[in-house]
Amino acid sequence: MSQEEFDRKLKQTFEDEYYPPAEHLWNNIDKRINQPKKKYFWWWIAPAALIAVSALMYYFIPKSEQTNSITAVQPTTSYNNNTTKTANQNNSPATINNNAEQVEMSGNTNNNESLVHSTANYQRNTNSTNTNQSENNTANTERNHNSNNVGITVITQENVSNNSNLEQSFTFSNLDIVRYPYVNLLDVFLAPKARYNDFVANIPLGVSLNNKPKNNKNKLNSRYLNFGFGSTIAFNKVEVDNSLQPMVHFHLWDKKDKLTRNGRGFNSYITYTHKFSKYFGVESGIGYTLRTENIQMNEVSDSIAFRSGNKIVGYQRIMLLAISKNNQGGYDTTPYNAVQAFTILADNKYNLLQIPIKAFGEIPLSKKLTLTLDAGIAFSYLYTKKMLHLNIVDEKIYEEKNKSLFSLALSSKLALYTKFNDFGEIGLYTGIAKYQKTLGVANNQYQLKMNDLYFGIGFRRAF
Amino acid sequence: MFAEKQIIEGCISGDRQSQQILYNKFAGKMMAICRRYIKDTDYAEDAFQEAFVKVFHNLKKFAFQSSFETWITRIFINESINKLRSLKRLVLHVSIDEQTWQIPEKIDLNIDKFDKELVMMLIDKMPENYSVVLMMYAVDGYSHKEISEKLNMPESTSRSTLTRARNMLGQMYKKAIVNHESRRI
């Protein structure tokens, strides 16, 4: 025979070649392909470390609070007696009483009246407190993940025989009794019955066609447990009623935005998501946020307000002259301009507990990546043990204790998850919360409007 | 093909049941391939395991552009050859006796088809470099260029080795048939 014919016949000999492998081989292969992969955390270390370090820094670096109601006195730059001395504003004398040297005062008034000399009482109150705080957050433990394996009939190695129907046994369209979630119904109905009958005739013992799959409601992974933690940027804004303007120093009124300041914080949540379709669902749970309000205000004005009752009737500039005898038998004068200071340094902390009820949606970006978005409302409870604000009328620090507020918040979160071995999914999230109610501060003199921006690391697991 | 795709996707996502289905479907054929190339059962099983592990680890790379069976067969053949190479069984030398053989163009054998068991037995007796080249070309459809690349030999050596392998098998087969028939008589 020719060489080509030789090759053809040789090929024919090995066409349906079959050699059953030993049983232990599958066990060895199974162990190797399903061994737990080494978990490489390194790409998560950087953001996780950043969040952890910022949280640690926030809680363990002591903070001090200081309140100061001193009215500082600063020198003028020009005076016709030409004797000027500089004074350190912060070290100005705590008290000036009536036994001081003779003081001559002059200045301009809004209504051109001559000044009546007056003494000012200066009181410096300095309180320092150190704040230390730490927070712990624990992640929940996982359960085993059972992915979709509904309706697959497994023909084990023991059942396989050197059988020409082997090919047919793996064509799922033949198995029109056992239902498969991803089988096109047309394939089921149009499958030729003859092939099905052949398959039935050759079905090995022990495999029953009547075994219907268990009714697994969770075939779409419809339930998720989510938790996460991270940092918060706390946006704070003051709302002052215009009716207060006549009672507030014009300089302070112009700078009223500085009555509060943005802060930072920590957020965490644990929620449950229930999907009622492939992409949409609802989510609810509980969240905790610790947010701060870091107020730093140090404003001065050389216009001294004159009041009638609480209402400001005018502003004046006040100059103080300190006159002292010198060695030459004459007098030296040191001029000081009186200024009014509005100073507050405070780090207020607010604890927030939230119960969100949100609509949820997810978009699978690839086999491993999923983008999720949720938006809705959150019932919020805010509590603060102590907070300090500036009373803008009497220009003093106002302390309030054990203040709480129930509010509704508009809440939304965007997260990007990636599959994380058998545990579930891990990802990064960012979110916002907009609190509808404002917090009245300084005895409800003005309102504090709060919004939060979150970001952190999230985990979710289907069950 | 439709169901195969589902099984492959299941394997990629780590579904153990899909993995077992895939294994059960191809294990018998692939073991036969390994046995065809590697005579020793233990070494054949080693190559078989290595190849299947490679298949599962590289399933993501399968782009469904060709038949899955072709793809997986190639992996097993490569792994079998690698195993032979590691065992230093692919010795490319030509013995003096073989050199004296005359290699006719036509093979002196007149049969309808080969007896599978007899062929397997005879192939086991052939030098491994002959049987490997013969299997790769005649049964698995590799070209001489591919064989030369895989076995790291010149193309001309692949051609001459193939010719010698065919003739050796043909003569051995004929001799075996004659001996068998003479015993019957």
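A residue is called buried here when its relative accessible area is under 20%, exposed when over 50%, and partly exposed in between, with a 1.4 Å probe and protein chains only. Helices are DSSP runs of H or I with at least four residues, strands are runs of E with at least two, and both are numbered from the N terminus.

Before I use those terms, some ground rules. This is a predicted model, in which local features need pLDDT of at least 70 and side-chain atom pairs count only at pLDDT 80 or more, while totals for chains, interfaces and linings use all residues. Residues are numbered from 1 along each chain as its sequence is written, chains are lettered from A and ligands numbered from 1 in the order in which they are written, and side-chain values use heavy atoms, with hydrogens and water left out.

I start with helix α7 of chain B, residues 128-139. Of its 12 residues, 11 are buried, so by that cut-off α7(B) is mostly covered. Among the buried ones are Tyr130(B), Leu134(B) and Met135(B). From first C-alpha to last, α7(B) reaches 15 Å, close to the 16 Å expected; the expected span is 1.5 Å times one less than the number of residues. After α7(B) comes Gly141(B), with a positive phi near 75 degrees.

Next, two helices from two chains. Helix α2 of chain A, residues 23-33, packs against helix α2 of chain B, residues 16-37, at about 135 degrees, and their axes are 11 Å apart. Axes are lines fitted to C-alpha atoms, for helices over the stretch in contact, and angles run from 0 to 180 degrees between N-to-C directions. The two helices are therefore oblique, as angles under 35 degrees count as roughly parallel, over 145 as roughly antiparallel, 65 to 115 as roughly perpendicular and the rest as oblique.

Now the rings. How many aromatic pairs are there over all chains? The count is 18, where rings of Phe, Tyr and Trp (its six-membered ring) pair if their centres lie within 6.5 Å, with planes under 30 degrees apart stacked, over 60 edge-to-face and the rest tilted. Tyr381(A) and Phe406(A) make a tilted pair, 4.8 Å centre to centre and 45 degrees between planes. Tyr381(A) is in strand β14 and Phe406(A) in strand β15, so this pair ties together parts 25 residues apart in sequence. Tyr381(A) is partly exposed at 29%, and Phe406(A) is exposed at 60%.

Last, one aromatic cluster takes in Trp26(A), Tyr23(B), Phe48(B), Phe52(B), Phe56(B) and Phe76(B).
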